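Take a look at the model below. Keep it in view as you read.

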Amino acid sequence: MDLTGKTAVVTGGSRGIGRAICVELARRGANVVLCARSVEGAARETADLCGSNVIVVPCNVADAADVKNLMETAREAFGRIDILVNNAGITRDGLLMRMKEEDFDAVIATNLKGAFLCMKEVSGVMMRQRYGRIVNISSVVGIHGNAGQMNYAASKAGVIGMTKSMARELGSRGVTVNAVAPGFIDTDMTAALSEKTKGKMEEQIPLKRIGAPEDVAKAVAFLVSDEASYITGQVLCVDGGMGI
Ligand code: NAI
């Protein structure tokens, strides 16, 4: 799965799953455009792990002007955009009765609208190239639902609908669009859960372990490679069998 000469834009690339994706794609030879809300700290550390063919661009994916600037900067730096990984995501958990309207809006704005804005900006570029690979990071919660995560589940289910629609729209131009649905992955997003809860979840996972960011990154690397050129509109669960 050689990605030499390919340019990949990865949103939310500073830490967690996004960091692992940036490192994995860079390891396979891709130029990496790391989109982060802040270009210092974690984003800089990730860039160092990626090597020399990487740029860090500040961007809030929910902001159309930021996203436009992100894609223009990527093209100025590397000439083309072959790969887009929509990874940036947030949670604002709570039971529906207590969920604030701003918590619903914030999650939809980043997780769903952010993916829309990024796909809208790159689709023209990829269609003209007659080549592109888009991977949207969804979640098993978008497939099965989860109490206390109605906003997040809606956003991640929406990402799957978007993925299938875009696969249909862009297929004739050589652009594949797929989703990866991680299960329970060990990152800052899940760090707040108690050891007891984590233990219970591990018990329910057929492979008996919580996933690592690298497990997700390897699936993404496959989907953006030429080896996956006849795969589009699919949702690949990387969940240790949790959703069976
Ligand atoms: P994380 O919280 O460690 O990292 C998320 C990254 O997205 C951070 O770098 C953050 O700065 C960035 N981000 C958030 N809002 C942004 C915005 N508006 N604009 C640009 N960047 C923004 O989370 P993690 O666990 O690495 O999650 C990555 C993706 O995987 C998310 O889409 C998440 O929903 C999804 N996911 C994670 C699972 C897990 O168990 N950790 C399970 C299923 C899906």
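This report covers the ligand's surroundings and then the packing of some helices.

## About the model

This is a predicted model, in which local features need pLDDT of at least 70, side-chain atom pairs count only at pLDDT 80 or more, and totals for chains, interfaces and linings use all residues. Residues are numbered from 1 along each chain as its sequence is written, and side-chain values use heavy atoms, with hydrogens and water left out.

## Around the ligand

Start with the shell. The ligand is surrounded by 27 residues, where a residue counts as near if one of its heavy atoms lies within 4 Å. The closest are Arg-15, Asn-87, Tyr-152, Ile-185 and Thr-187. By type, the shell holds eleven nonpolar, twelve polar and four charged residues. Here Ala, Val, Leu, Ile, Met, Phe, Trp, Tyr, Cys and Pro count as nonpolar, Asp, Glu, Lys and Arg as charged, and the others, Gly among them, as polar.

Now the atom pairs. A polar side-chain atom of Tyr-152 sits 2.5 Å from a ligand oxygen atom. For Lys-156, a polar side-chain atom is 2.8 Å from an oxygen atom of the ligand. Val-61 uses its backbone instead: an N or O atom there lies 3.0 Å from a ligand nitrogen atom. The ligand alone exposes 830 Å², and the protein buries 96% of that (Shrake-Rupley method, 1.4 Å probe). Helix H1 (16-27) and helix H6 (150-170) are the elements that give two or more residues to the shell. Helices are DSSP runs of H or I, at least four residues long, numbered from the N terminus.

## How helices pack

Two packed helices are described by the angle between their axes and the distance between the axes. Axes are lines fitted to C-alpha atoms over the stretch in contact, and angles run from 0 to 180 degrees between N-to-C directions.

H1 packs on helix H8 (residues 213-223) at about 50 degrees, with the axes 8 Å apart. That makes H1 oblique to H8. H1 also packs on helix H2 (residues 42-50), at about 20 degrees and with axes 9 Å apart. H1 and H2 are therefore roughly parallel (under 35 degrees; over 145 is roughly antiparallel, 65 to 115 roughly perpendicular, the rest oblique). The axes of helix H4 (residues 101-129) and H6 come within 8 Å and cross at roughly 15 degrees, so H4 and H6 are roughly parallel too.

Key: Polar contact = N/O pair within 3.5 Å; in protein donor to acceptor, adjacent residues only side chain to side chain.
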